[in-house]
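This report describes how the chains of one model meet one another. Please consult the sequence and the structure shown here.

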Amino acid sequence: MSTLPIVNPVEPFLRTDRMPHIWCPGCGIGTTVNCFARALVESKLPLEKVAVVSGIGCTGRVAGYVNLDSFHTTHGRAIPFATGLKLANPDLSVVVYSGDGDLISIGGNHFIHAARRNVDITVICVNNFIYGMTGGQVAPTTPLGATASTSPYGCYEHAFNLPFLAESSGAVYVARWTAFHVRHIAHSMVEAINKKGFSFIEILAPCPTLYQRRNKMGDGLDTMKFYKERSIIKNGARTHDVDIDLQGQITVGKFVDIERPTLQQSMEQQLRHTLRDQYAGMGGD
Amino acid sequence: MTTLTAATPKSVLTGAHFLDGDQAACEGALAAGANFVAGYPITPSTEIVERFASRIPTVGGVFLQMEDELASSIAIVGAAWGGAKVFTVTSGPGFSLMMEHLGYAAMTETPLVLVDVQRGGPSTGLPTLPGQGDMMQARWGSHGDYEIIALCPNSPQECFDLMIDAFNLSEEYRTPVLVMMDESVGHMTEKVVIPEAESIKIFPRRYTSLPPSEYLPFRPGADGIPEMVKAGDGYRIHVTGLTHDEKGYPAMNWQTQKTLVSRLVKKIRDNGDRICRWEEHQTEDADIVLVAYGITSRVAQHAVKMARAEGLRVGLLRLIVAWPFPEKRIRELAARIHSFPVVEMNYGQMFYEVERLAGSTVRTELLGHGGGMVHQPEEILQAIREAAK
Amino acid sequence: MPEGTPAPKTRKFRGQVFIDWDCCKGCGFCIEFCPPKVLQFSEKFNEHGYHPPLLANEEACTGCDLCGLYCPDFAIYGIRVPKESQELASGKQPSAIPASANEKL
């Protein structure tokens with residue numbers, strides 16, 4: 001990628017032989033990947049033990065660009081794939097990195113069950129309020145009244161409040177930031193990756209080519225400035241109250257950080273309790 | 001040449017048992033070393049995973065009941081890339097749901113076994129009654145071009161034996177393998193003899209011995225099959241369902257499509273002779289050869305006996321591996337017989353394969369129905385008499 | 001920092017910014033969110049037709065690397081340079097492409 005004397009600190013984390021990436025000018029996904037790289041450095045995890053699983057969509061392409069064991073799976077199914085991967089190899093730190101359409105629409109059922117079970121994975125959801133890759137269709141996160149290619153006269157559905165959905169399904173760590181909040185994102189990612197249990201980080205990001213353009217919100221930079229102006233950090237806010245209101249304020253922050261036994265812990269505990277010394281464990285190496 | 005290993009004694013229920021097909025299939029999987037199952041209940045397959053859920057904690061491994069078949073079928077792929085030996089089970093409606101991930105497993109060359117205990121269809125159909133209506137779906141159910149291996153046990157003993165074969169084939173060819181049971185075989189109880197662990201031969205996963213700097217996840221060996229790795233071993237692999245190059249990187253152009261997909265197809269097709277398996281009864285001097293599989297083959301076998309007693313020169317070709325289909329053998333028989341009655345519990349599926357290969361000089365007839373009940377020997381005998389005229 | 005302010009002599013670190021000229025897609029994040037506002041759009045185009053940034057005020061760059069953290073294209077990064085390595089900060093590296101407004105490209 002570069003012939004510069006000092007290597008870009010992000011380079012060791014990227015598959016430089018696949019650069020440049022496919023994301024548009026001003027797209028926020030690359031910014032979140034930068035944060036992810038910084039988070040990995042700070043977490044001091046051995047990179048051989050970090051796996052990224054993604055679904056289909058623009059954010060889903062993250063798996064193809066990170067220099068880690070990475071899995072680009074089917075639409076909506078990154079979370080159950082990650083569940084299988086993690087249980088088969090509990091030493092891995094498994095990060096699901098995907099978009100709002102993939103994780104919450106087609107993937108919605110898997111999302112709530114994994115949160116309920118408290119599967120020990122980190123789910124990073126880049127929310128650009130749209131289905132980007134396929135050309136800008138309406139998503140379950142598209143705000144009421146917004147224009148998309150499949151709601152050309154304005155979206156008439158209420159959008160999900162993702163932190164609320166995550167918390168009420170049982171996630172033990174829930175945070176929301178915008179792509180403007182780079183340092184907070186990196187910090188949340190460290191916390192989430194290190195935390196045992198289902199951790200969820202929603203990151204609002206611009207889709208300049210589709211969502212912003214169709215809704216006359218300017219380009220990526222305009223949207224980043226919009227996020228900067230309109231967001232208010234309220235750590236510990238009630239997730240019930242953090243619906244996104246694009247006419248008002250966007251509440252960001254770390255909302256939930258609790259402890260609960262993970263799926264694996266519950267499983268082992270229950271089986272050990274019932275089977276006692278007959279329990280042979282989870283197998284594997 | 002890969003050296004086969006022996007099964008681990010802990011997972012093998014050595015002895016003579018009275019088991020139904022579902023239970024025997026579970027024992028076969030355990031004997032083969034399966035240690036991760038993600039499943040979802042659906043009649044008549046549920047007993048397989050119920051037994052696994054109850055057995056695996058004392059053998060060592062994980063059973064997870066997922067929220068649906070979509071989750072089950074992809075969770076096992078994830079677990080396989082984490083190093084586990086995996087399978088899942090289902091029936092018609094769930095089989096339809098699992099199709100996307102069957103294709104994903106074929107495309108990413110992930111070893112796994114998928115059991116379909118067929119019931120009456122289409123749609124919800126007859127949950128507790130037998131059918132054989134998923135055979136073509138087994139071959140063509142997922143979109144795009146890929147080849148599939150599918151085995152058809154016709155007894156609880158075979159449910160045990162063929163599960164082990166299915167796992168071995170999946171490892172050898174780095175591909176998903178189907179076991180197409182039917183409800184009758186799944187729910188019939190018979191003697192199942194499970195041997196000592198040492199005599200059960202397991203094809204080990206073909207992990208590479210190359211260092212990360214030299215290994216490419218989708219570079220084939222001389223046999224057209226790449227070596228495998230698992231996540232966490234430092235290889236930093238990328239796996240995608242997109243058309244990909246040898247590094248696993250998406251490369252969406254016709255050249256890569258040709259290289260990759262032709263290899264996926266050829267690795268099974270070119271080994272058809274080694275993978276195909278069938279059994280013949282009294283075909284040496286037959287003019288008429290029945291083709292059947294699963295529970296129907298047992299009735300057909302009895303009908304052959306009855307027909308022979310009437311002096312009719314009839315035999316049976318029983319498919320043990322339905323896909324790849326034994327094309328060569330059908331052509332050979334077609335050269336000297338005059339009739340292929342195909343007996344199956346559907347309105348014509350494997351029938352078309354036989355007809356295609358038999359050619360116009362042989363009468364290929366279908367004796368089929370929609371399932372819900374097994375054929376009677378008398379109706380098959382009648383069909384044989386008709387064919388003999 | 002306002003234009004023309006001399007760099008404080010007591011500051012231990014100085015910053016240097018490196019730009020992968022042709023990777024930049026001109027989104028403007030780095031320029032907007034640089035705290036001392038030391039970056040500005042170059043008047044030149046890169047091979048894709050975008051205006052990458054330049055380090056307009058070398059002495060005020062703190063090397064905080066916020067530009068790097070924001071960049072969606074991994075095209076810019078900043079480093080903190082200890083005072084002992086002054087030559088690095090003044091762009092004497094043979095193959096460096098320092099983002100200096102004075103550099104002729």
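Strand E2 (residues 69-72) of chain A and strand E12 (238-240) of chain B run parallel and are joined by three bridges. Two strands are taken to pair when DSSP finds at least two bridges between them. Within E12(B), B:Val239 is the bridge partner of A:Phe71. Strands (E, at least two residues) and helices (H or I, at least four) are DSSP runs numbered from the N terminus.

## Basis of the model

The model is predicted: local features need pLDDT of at least 70 and side-chain atom pairs count only at pLDDT 80 or more, while totals for chains, interfaces and linings use all residues. Residues are numbered from 1 along each chain as its sequence is written, and chains are lettered from A and ligands numbered from 1 in the order in which they are written.

## Contact between chains B and A

In this contact, 41 residues of chain B meet 39 residues of chain A; two residues are in contact if their C-beta atoms, placed from the backbone, lie within 7 Å. On the side of chain B that touches chain A, elements supplying at least two residues each include strand E3 (36-39), helix H2 (46-59) and helix H5 (99-108). The largest share, nine residues, comes from H3(B).

By class, this side of chain B has 24 nonpolar, 13 polar and four charged residues. Ala, Val, Leu, Ile, Met, Phe, Trp, Tyr, Cys and Pro count as nonpolar, Asp, Glu, Lys and Arg as charged, and the others, Gly among them, as polar.

## Contact between chains C and A

Chain C contributes 22 residues and chain A 27 residues to their contact. The largest share of the chain C side, three residues, comes from H2(C). The residues of that side comprise 13 nonpolar, five polar and four charged.
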